[in-house]
Amino acid sequence: MTDFSVIAMFKVKHEDSSAFLFDDENEDVRILAWTTTPWTLPSNVALTVGPDIEYVKVKTFSPYNARPVSVVLAKDRLSAYFNAEHAELPMQPFDTSEKKPAIPYRVVKTVKGKDLSGVRYEQLLPYVTTPELEANAFRVITGDFVTTEDGTGVVHTAPYFGADDMRVAREAGIPMIGIYNDQNPELPLPLVDRQGKFVEELGEEFGGRYVKAEYYPKEVSSDKEFKPTDLLIALRLKEDNKAFKIEKYAHNYPHCWRTDKPVIYYPLDSWFIRASASKERMAELNKTINWQPESTGSGRFGQWLENLQDWNLSRSRYWGVPLPIWRTEDGEEACCIGSVEELKQGVQQANAQLGLNQETPADLHRPYIDEVVLVSASGKPMRREADLIDVWFDSGAMPYAQWHYPFENQEVFERNYPADFIAEGVDQTRGWFYTLHAIAVMCFDSVAYKNVVSNGLVLDKEGNKMSKSKGNVVDPFLTLADHGADATRWYLISNASPWDNLKFNIEGITETRNKLFGTLYNTYNFFALYANLDGWTMDEKHVFPYEKRSELDRWIISKLYSLVDEYRREMDQYEPTRAARAIESFVDDHLSNWYVRLSRRRFWKGNMNDDKQAAYQTLWECLLVTLQLMSSLAPFFTDWMYRNLTTPIRGKAKAGNTPLRFDSIHLTDLIEPDNSKIDADLEKRMDYAQRICSLALSIRKKERLRVRQPLQKLLLPVLDASFIAEVDGVKELILSEINVKELEYVTDASGMLKKSGKANFKTLGAKCGKDMKAVAAAIESWNDAQINQLERDGQLPVTVDKNTYAITPDDVVLKTEDLPGWKTATDGSITVALDVTLNAQLEAEGLARDLVNRIQNIRKDKNFNVTDRIHVRLEKHPAIADAVAHFGEYIKSEVLADALLLVDSVPAEKVELNDDVALGIDVVINGL
RNA sequence: AGGGCUAUAGCUCAGUUGGUUAGAGCGCUACACUGAUAAUGUAGAGGUCACCAGUUCAACUCUGGUUAGCCCUACCA
């Protein structure tokens, strides 16, 4: 807002203590002080200077009337008010009729702020004064908050209207200015009343005027002749030769959030809780609370506790909890009521002693409670203090109030206190988090909560705060209606840690839905399709033994229980985002993309047998446990799927009292960790398998060799014997996944292996220090012979300058170089080479698989049932002759064909088999 | 003004006690696979790790400073 600001000239009194500022007794010396609130000037009692700031005395002429004057202001502010070009002008009065007069000046003295301390001046607007003020106020004091960023470096100090002012004035022993009356023998009333009007003592000119223009009714303040009080004061000062400069000044000023009018700071009597007395204990106990993020607890909250001020409880309002404090009129005696029972006794006592006929009000709020009169120890009536208690006290008292503790429910309270966990916005650090803590520490010497998450804000997708005026608010109800609660919840938690601000993007919810929920749904759908066909249900009493399950089954079970571990660990540490991401990775990368993809055949091939049983049980367990882990974040989706998976066996489970007896997933017990199901070696083996497959597929891609085309051999250069044993465990899996016939290890013995070394910077760094770079270069230049020597001897010396280092195998990362003449690919320490040569046998098999694929596509196009048996007729073509001859039975079993015939022509459209071959394929259901 | 958080690919985010090819998903492009098919895989393009200085053999990582965004508290004489 824009206000009239004024630089007032405070006339220094000529005394012994100020003599250094005067050249002679008649010199007019003024101290300049700036204010944007001229209405506080009648309340001025002191001028505050920075003790170490330099001030200058400047001889010049008063800008409004050209009278000689000497002004004091901060040296740094000189250039703001004096044009350096005018420092040389002859010292004579300027012409006041000029619009922009050149005002001559001379800097004649420089002093430190602390030297000015104690200098007395004449009261600027002497409407109200007392002998005490005359003796002790109206002088210069020092304060550390003074700056020279704006104004004059001298702060006009009116203790009633500013906390800093109040503090420095008190420290300096400046008395209060104001109106004394019978009700206020100690503390005078301020010169502005609670309506925002100057008191009558300010005379006809100002008495009764609102100090802010906004407080006037619109019809008054909009009048052309209307002048705001700030301006009237400025003009009064100008007329009296007390103003140095008057101008409009735009600044931030606090406004009431309801009326949008400027507020004024106003001194009020208040009741405080002496929180500062227990700040050490609060800080101490705070250290036992697990803050998430930690920095809010130690930083924002911890530092706030260290500088803790007393807690002002009083609020001048009507609705709320009344302060339970009664005082005698003279304030000598007081009591604080602690319960309804005490109040009743107090009322009875007062009735008896004061001859009253009061009843204890059933409603303890205003206005009823205000009517209650109690009696003091000496027999005087006591009335309630009119104020209410800060509503934040209510929030902090919540743990006790909710149980009406200590009057009732002691047991349930003690069982549940302190709280295990609370969460609120980080903006509540000084609100709820504090009030809970303060009350707990002061009343119970305890924390109120053991764990706390202070969550960040939800911003719009650009990172701006959502606000109605900007129109960037996302409607939560629409979002939930459109995208569902589960995907929304999951997105909120998985996208960013709760304590980070979240850039909310609706597309992120779609991504979550497709990626996690879509994949899980697909996996479930796949499972349900075949489980229904086979009429399979889980039998909790006959779990297929884990040790008899396949490598792949045991692997995904191991992954699952590793996930259980990780989930519990992260959740225990209040890291829900990490827990959610671990689940996402399991579902997408491991369960769907590896386990199901590689296991599909087991579900649809053949009749029920041990392997199929194991596959069903494994996938079923993975789904169920995953759902359970997800259930707190995605309550609806998981419950729906849980019931789909378990409803058929509910009766049996209830009868047998097994874990699945519960109708809802939210009633089940969270799965316990089970280390016996975790096999780290197996997980490592499978990791090798995944990487090896990925490498082989990338070679196929480069060489344009489709996966249906079988290849003869995969070569795997190996660096140590354990690698062979590990890969052997997953060999079959690799070969079938990449459609290769055999896997061959390439070792030193083959003579094909060419190795190179690279420095392991981590181990070598500590060993070699400055010579690191030279040593690393030496290692990279090693030839096979040197590397073999290292492996044989367990060490190899490298000399740099005069230092010799014994390099051990741990210091070197070995890798194999590409095998000349082979197609290779490398990922870290793993290299694979693929034999890409084809022969007639391999080509025929590849074509057979192409045929299977085409026939399957036709089955699908024709919407055949997956169990339908068929007859197939193929148009004769030389390209497929070998394939049909050698792989006819294979084709038939794959496509559930009872007959596969080669005929001259078929009544069907030609199907493209590859770039060169197209032929007619006729597929009909057997018996039709 | 003080305190706190954040800054990495077009977007959303990972990145362990500093260690040498900085990753993922989405999006884009190409290809493949397919009895999960409105699904899936592989590959490609895409980075001054906000900026500056310091410590170190080595800094996205540690220290100091700067800038920008946000939050809290105070003040705005």
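This is a predicted model: local features need pLDDT of at least 70, side-chain atom pairs count only at pLDDT 80 or more; totals for chains, interfaces and linings use all residues.
**Backbone features to check**

- Another cis peptide bond links tyrosine 417 to proline 418, with omega about -5°; proline 418 belongs to the loop between helix H13 (410-416) and S21.
- Asparagine 241 has a positive phi, near 60°, without being a glycine. Its place is the loop between helix H7 (229-239) and strand S11 (243-250). Asparagine 241 is buried because its relative accessible area is 8%, which is under the 20% cut-off.
- Aspartate 445, also not a glycine, takes a positive phi of about 50°. This aspartate is in the loop between H14 and S22 and counts as partly exposed, at 42% relative accessibility.

**Salt bridges**

- Glutamate 54 and lysine 75 form a salt bridge in which the closest N and O atoms are 3.7 Å apart. The two partners come from distant parts of the chain, 21 residues apart: glutamate 54 is in strand S4 (residues 54-61), and lysine 75 is in the loop between strand S5 (68-74) and helix H1 (78-81). Glutamate 54 is partly exposed at 35% relative accessibility, and lysine 75 is partly exposed at 42%.
- Lysine 450 and aspartate 420 meet through their side chains in a salt bridge of 3.3 Å, N to O. Because lysine 450 lies in strand S22 (residues 449-455) and aspartate 420 in strand S21 (residues 419-425), the pair ties together parts 30 residues apart in sequence. Lysine 450 is partly exposed at 39% relative accessibility, and aspartate 420 is partly exposed with a relative accessible area of 49%.
- Arginine 602 and aspartate 553 make a salt bridge with an N to O distance of 2.6 Å. Arginine 602 belongs to helix H19 (residues 576-604) and aspartate 553 to helix H18 (residues 551-572), so this pair ties together parts that are 49 residues apart in sequence. Both arginine 602 and aspartate 553 are buried.
- Asp23, Glu27, Lys57 and Lys59 are joined into one network by salt bridges that share partners.

**Sheets and hairpins**

- Four strands make an open sheet in the order S17-S16-S19-S18, with antiparallel pairing. Strand S17 (334-336) and strand S18 (374-375) each have a single partner strand, so one side of each is left without a neighbour in the sheet.
- Inside that order, strand S16 (residues 325-328) and strand S19 (residues 381-384) run antiparallel and are joined by three bridges. Arginine 327 stands opposite arginine 383 in S19.
- Strand S28 (residues 796-800) and strand S29 (residues 803-807) are also antiparallel, with five bridges between them; valine 800 stands opposite asparagine 803 in S29. Two residues lie between the strands of this hairpin, where aspartate 801 takes a positive phi near 50°.

**Helices and their packing**

- Helix H9 (residues 294-306) has 13 residues and spans 17 Å from its first C-alpha to its last, close to the 18 Å expected at 1.5 Å a residue.
- Thr296, Gly297, Gly299, Phe301, Gly302 and Leu305 are the buried residues of H9. They pack against helix H8 (279-286), strand S13 (290-292), helix H14 (432-444) and S22.
- Glutamine 690 is found in helix H23 (residues 680-703). This residue counts as buried because its relative accessible area is 19%, against a cut-off of under 20%.
- Leaving aside residues up to four places away in sequence, glutamine 690 touches Trp555, His590 and Trp594. Its C-alpha is 71 Å from that of isoleucine 264, 426 residues apart along the chain.

**A nonpolar surface patch**

- Leu529, Leu533 and Val866 make a nonpolar surface patch of about 250 Å².
- Leucine 529 is in helix H17 (residues 506-534) and is partly exposed, with a relative accessible area of 42%.

Conventions
Residues are numbered from 1 along each chain as its sequence is written. Chains are lettered from A and ligands numbered from 1 in the order in which they are written. Side-chain values use heavy atoms; hydrogens and water are left out. Patches are made of residues with over 30% relative accessible area and no salt bridge: like charges are joined within 9 Å, nonpolar side chains (Val, Leu, Ile, Met, Phe, Trp, Tyr) within 5 Å. Accessible areas come from the Shrake-Rupley method with a 1.4 Å probe; for residues, only the protein chains shown count as cover. A salt bridge is a side-chain nitrogen of Lys or Arg within 4 Å of a carboxyl oxygen of Asp or Glu. Buried means under 20% relative accessible area, exposed over 50%, partly exposed in between (1.4 Å probe, protein chains only). The expected span of a helix is 1.5 Å times one less than its number of residues. Contact means heavy atoms within 4.5 Å. Two strands pair if DSSP finds at least two bridges between them.
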